[in-house]
Amino acid sequence: MPLFPDVIVDLATSRLGLGTAGGAVDSSRLVFRVVALMSCLQLKDLQLARSGRTVLEHLDGHFQAAAITALIGANGAGKSTLIQAIMGTLTPVSGSVECQVPAARRAWLPQQLALDLSFPMSVEELIMTGTWPSHGAFKGYCGAHYRRGREIMQRLGISHLAHRPLGELSGGQRQRALIGRTLMQEAELLLLDEPFANVDVDTVEILMDVLREMARKGATIIIVLHDMNQLAKLADDVLILTEGHGRWATPDALADRQTGLSRPPRLPLTFPGSV
């Protein structure tokens with residue numbers, strides 16, 4: 001069951017980018033859940049540490065619901081540490097992570113998912129495991145589960161790979177299957193650590209479309225990115241981690257900051273406050 005019922009929400013077009021060239025609003029895109037009016041995830045004076053060393057401190061703010069937030073920062077800035085705190089696998093030193101999304105509806109796709117590629121699991125079987133958090137790992141699947149799994153594979157362009165073992169997939173194909181698992185889970189909070197790394201261009205475009213669709217349907221998505229072009233196309237908000245602190249920005253403001261730089265638009269960026 002969804003956390004909130006579906007309603008018609010009259011959201012500001014400037015915030016959601018719903019306006020057309022003539023200034024009209026596509027009413028079909030105004031159907032969002034109540035969650036779009038509030039935040040389901042908030043950080044309050046959060047301090048996180050690793051091996052006794054403070055990684056992040058005084059981190060405050062909320063993540064937009066029904067939106068995509070890019071999490072950026074140099075290597076070692078604390079991106080993975082923050083993700084683990086949000087998922088509840090790392091206890092804060094002080095402060096809190098307040099999340100209204102049930103654990104069964106939270107999904108995390110790490111940068112290097114610990115998959116045993118020698119294990120005899122097919123693409124379809126992997127996607128079906130997305131039912132485990134809510135349905136249980138030892139219950140059989142029903143017809144509705146299989147129908148949804150087939151719909152997801154078709155959406156991701158991997159129907160022809162349904163019975164292909166994971167070890168025989170390319171990086172892009174495997175990433176599509178992993179995203180399919182989160183779709184099967186019907187995640188309301190999705191965290192992704194560099195999901196576009198080492199995958200083909202077609203897969204990047206498909207995954208971007210899927211993530212936008214999930215956000216339109218109400219999901220809160222946090223994604224670690226290292227490419228300014230991808231950030232500009234995908235993100236609604238940006239949280240920059242630098243020197244143990246966090247700063248919030250908009251994609252437009254971040255793009256303006258990069259204007260005039262001679263280097264290619266890839267992170268690490270010149271972070272606000274670092275110069």
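Predicted model: local features only at pLDDT ≥ 70, side-chain atom pairs only at ≥ 80, totals over all residues.

**Exercise 1.** Describe how helix α5 and helix α6 pack.

*Solution.* Let us begin with the general idea: two packed helices are described by the angle between their axes and the distance between the axes.
- Step 1: Find the helices. α5 covers residues 143–155 and α6 covers residues 171–185.
- Step 2: Take the two values. The angle is about 140 degrees, and the axes lie 10 Å apart.
- Step 3: Name the arrangement. An angle over 145 degrees would count as roughly antiparallel; at about 140 degrees, α5 is therefore oblique to α6.
- Step 4: The crossing of α5 past α6 is right-handed.
- Step 5: List who touches whom. From α5 come H145, R148, G149 and I152, and from α6 come G180, L183 and M184.
- Step 6: Sort these contact residues. There are 3 nonpolar, 3 polar and 1 charged.

**Exercise 2.** Work out in what order the 6 strands of the open sheet are arranged, and which strands stand at the edges.

*Solution.* 
- Step 1: Read across the sheet. The order is β7-β8-β9-β5-β10-β11, with mixed pairing.
- Step 2: Look at the ends. β7 (106–109) and β11 (245–249) each have a single partner strand, so one side of each has no neighbour in the sheet.
- Step 3: Follow the twist. From one strand to the next, it averages 15 degrees.
- Step 4: Zoom in on one pair. β7 runs parallel to β8 (residues 189–193) over 4 bridges, and R106 stands opposite L189 in β8.
- Step 5: Find the helix across the sheet. α2 (residues 79–87) lies across β5, β7, β8, β9 and β10, at about 155 degrees to β7.

Definitions and conventions. Residues numbered from 1 in each chain as written. Heavy atoms only, no water. Axes fitted to C-alpha atoms, helices over the stretch in contact; angles between N-to-C directions. Helix = DSSP H or I, 4+ residues; strand = E, 2+ residues; numbered from the N terminus. Parallel < 35°, antiparallel > 145°, perpendicular 65-115°, else oblique. Left-handed = near helix turned anticlockwise from the far one by under 90°. Contact = heavy atoms within 4.5 Å. Nonpolar A, V, L, I, M, F, W, Y, C, P; charged D, E, K, R; others polar. Pairing = 2+ DSSP bridges.
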